[in-house]
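Visitor: I would like to go through the charged contacts of this model. Could we begin with the term itself?

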Amino acid sequence: MSALHIPAKLRREIRAIAKDRCEYCQSAESLMGVSFEVDHIIPVSAGGKTELGNVCLACPSCNRYKGARQTAFDSRTRRAVRLFHPRQQIWIEHFAWSEDGTHLNGMTSIGRVTVEALQMNRGAMIQLRYYWTATKKHPPK
């Protein structure tokens, strides 16, 4: 079996944990209009395994911007910081929605570098969140 093959049972477990949301930006798959992907939090190329503790559901955008990166530079602390790890860290401890629900704010160095590295507040996402909040489908409860 290939290291990149994700067994159906594991995919179901990931989706159940994620509640069909990107585990990085919390966008709902049903609102994005694209199929979400399984991300190896620690890439296979860096020794990451295909097991529940190292895989998460990611929208294609977060998955592409993250790529094989595990760290990013935090301009505030001037240090390399690990990106958010959905299986080891609690989302709400690192991120918060802006008052209008359109921007994702990093509340810690981990949150800041993840928002920046994954370009979570790029124009297209802000525009989508604007529409989602207007229809009361965002932010997630």
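Guide: A salt bridge is a side-chain nitrogen of Lys or Arg within 4 Å of a carboxyl oxygen of Asp or Glu. Please note that the model is predicted.

Visitor: How many salt bridges does the structure hold?

Guide: There are six salt bridges in the structure. In one of them, the side chains of E29 and R15 meet at 2.7 Å, N to O. Because E29 lies in helix α2 (residues 29-32) and R15 in helix α1 (residues 8-18), this pair ties together parts that are 14 residues apart in sequence.

Visitor: And is E29 buried or exposed?

Guide: E29 counts as buried, because its relative accessibility is 16% and the cut-off for buried is under 20%. R15, at 28%, counts as partly exposed. Both residues belong to a network of salt bridges that links R15, D20 and E29.

Visitor: Which side chain does D39 meet in a salt bridge?

Guide: D39 meets K66, at 3.4 Å from N to O. D39 lies in strand β1 (residues 37-40) and K66 in helix α3 (residues 60-66), so the contact ties together parts 27 residues apart in sequence. D39 and K66 are both buried.

Visitor: What about R112 and D74?

Guide: Their side chains form a salt bridge at 2.8 Å, N to O. R112 is in helix α5 and D74 in strand β3 (residues 71-74), so distant parts of the chain, 38 residues apart, are linked. D74 counts as buried, at 3% relative accessibility.

Visitor: Changing topic, where is E116 placed?

Guide: E116 is in helix α5 (residues 109-117). E116 is exposed, with a relative accessible area of 62%.

Technical notes: Residues numbered from 1 in each chain as written. Predicted model: local features only at pLDDT ≥ 70, side-chain atom pairs only at ≥ 80, totals over all residues. Heavy atoms only, no water. Helix = DSSP H or I, 4+ residues; strand = E, 2+ residues; numbered from the N terminus. Buried < 20%, exposed > 50% of the residue type's maximum accessible area, 1.4 Å probe, protein only.
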